[in-house]
Structures are given as C-alpha cells and as structure tokens.
Amino acid sequence: MIKLTEVTKDYSRRGRALDGVSLHVRKGEFVFLTGHSGSGKSTTLRLIHMADRPTSGEVRVCGFSSELTSDREIWKLRRKVGCVFQDFRLLPGRTARENVEFALEVTGSSRTEILPRANRLLAQVGLSAKGGAFVEELSGGEQQRVAIARALVNDPPVLLADEPTGNLDERASRGILELFRELNASGMAILMATHDLEMIRAYPKIRTLELSEGRLVFDSAAAPAPAGRSGG
Ligand SMILES: Nc1ncnc2c1ncn2[C@@H]1O[C@H](COP(=O)(O)OP(=O)(O)OP(=O)(O)O)[C@@H](O)[C@H]1O
Ligand SMILES: [Mg+2]
C-alpha cells in the first residue's frame, strides 16, 4: 500500500530531512509516525502524497511509484490518498457542508449527488447537526471533522494525517482518534504523524514508527515484546 525504499530527501546542502528510510504500511493498517520536531515526519507524509519527490530512493503508494508518476498523473494518486493537517485548511466564510460540497464538485460528482453525499460524509464524521454552521462557528475538533469528511470524498484506501490533533485538547483529540479507528475498522489504512506520546501510549495496539534526525529508529511491529510480558 505504502512502501518507501531507502528514501533520502535533501532540502539543501546544509541538511538532510530524510536519510535512508525504508518502511512498509500494509493495506488497512493504522500506524503512528512519531519523532521529535524536525525529525522528518511531515517530509515523509509529503513524499507519500507526492507533494515532493525524494532525492534518492523510491516511494510507492497504491501502485504509483515516485520514479514513474509524472506531475500530470499525480491527481490519480491523490484520489486514493486523503490528507488532513494540524491547521484544518478549510475554506473560510463557508459552511461545513459547503466545504465538503466543493471537494465533491472537484471529483466531478453530479449536481444531484452532491448534497446527499455531503450529508452522508458529515454524518460519517459525527457532524450531521452542524452542516449549516460556518467554519468560524465550529470548535477545533469539529473543524478537523469537516477536514476529515472532505478528505473522504473519493473514498480513499489511504488517509495521511499530519499532527491532526496538534491544535486540539485531549478530549477532542480522543474523539478524532476514535473516528480514525472507525475508518480504519472499515478498511482504510491510516498513517498519522504525531508527537503526542500520551496519545501513543493510550493506543498500545497501534503500530508506531519513530524517526530521529531523518532516520527510522523504531518500529513497534519489529520490536521484541517488553521483558516480563512475553510468553503470555
Ligand atoms: N521545504 C523545506 N525546505 C527546507 N528545509 C525543509 C523543508 N521542509 C522541511 N525541511 C527540513 O527538514 C527537516 C525535517 O522537517 P519536517 O517538517 O519533516 O519535520 P517534522 O518531524 O514534521 O517536525 P515537526 O514535529 O516540527 O512538524 C527539518 O530540518 C526541516 O527544517
Ligand atoms: Mg511536521
């Protein structure tokens, strides 16, 4: 589903954002990507979204290779990979429903389909009652739910989330995580960058990858069980 092979990314001669990263996220998997600030989490997600290309190595996502996919074809990949960000990136001065409707228009949905589909997506993220509210009237958690609904318009098999709970309090963050778990349970692979270690600890069954200075230094799926907990 997502495969990075020896991926390096240099933004300048001064520093290397990613340094020989290889990782594999399987179909339907939920993975946290953690690491300190500047460790390369956002860079990794940008490369997977092909918003940027690796300096060397290969990124493969849903059958698209960074070496073979031209800029003109990237829209095909983007239909398979939804994306949400810490700062929501919603259209201001519009309602929650309008934000989702615009995204549906871009996918080429027919006029008659757009409203029922927008309502269905808003219901899926728990916002049925807030469709008519302007973005500015929504809480951070609600705004992130609109952003998630918008990311789902193509029913993507992969969702990338870059610090999606970074601007939210603990309760709203938990709500977003529970929504992600529902989406994951219905088969969507999710790769979520977060430096919230408490969140990671609260979900010990979710696989965790850790970057440090552009290198992959930990994969909970490859790690041995902690002493005293094995053999159960
Ligand atoms: N567009 C860019 N131009 C130059 N350097 C960049 C660019 N984007 C990222 N970098 C550098 O690459 C390194 C990794 O940055 P990245 O944003 O991936 O880290 P991060 O793990 O997402 O950090 P944070 O937790 O603060 O979001 C940093 O040293 C950063 O300065
Ligand atoms: Mg980042």
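An oxygen atom of ligand 1 sits 2.5 Å from an N or O atom in the side chain of S37; a polar contact here is a pair of N or O atoms within 3.5 Å. For S42 the distance from a ligand 1 oxygen to a side-chain N or O atom is 2.8 Å, and for T43 it is 2.6 Å. Alone, ligand 1 exposes 630 Å², and the protein buries 57% of that (Shrake-Rupley areas, 1.4 Å probe).

This is a predicted model: local features need pLDDT of at least 70, side-chain atom pairs count only at pLDDT 80 or more, and totals for chains, interfaces and linings use all residues. Residues are numbered from 1 along each chain as its sequence is written, chains are lettered from A and ligands numbered from 1 in the order written, and side-chain values use heavy atoms, without hydrogens or water.

Which helix gives the most to the shell around ligand 1? Helix α1, residues 41-48, with four residues (helices are DSSP runs of H or I, at least four residues). The residues around the ligand, with a heavy atom within 4 Å, include Y11, K41 and H195.

Now the largest pocket. About 510 Å³ of space lies in it. A pocket is an open set of points on a 1 Å grid where a 1.4 Å probe fits, with protein on both sides within 12 Å along at least five of seven lines; lining residues have an atom within 4 Å of a point. Domain 1 (1-79 + 158-164 + 189-222) and domain 2 (81-155) both contribute lining residues, so the pocket lies between them; the bounds come from an automatic or database assignment.

Notes
Points joined across faces, edges and corners; volume = space filled by probe spheres on them. Polar contact = N/O pair within 3.5 Å; in protein donor to acceptor, adjacent residues only side chain to side chain. Helix = DSSP H or I, 4+ residues; strand = E, 2+ residues; numbered from the N terminus.
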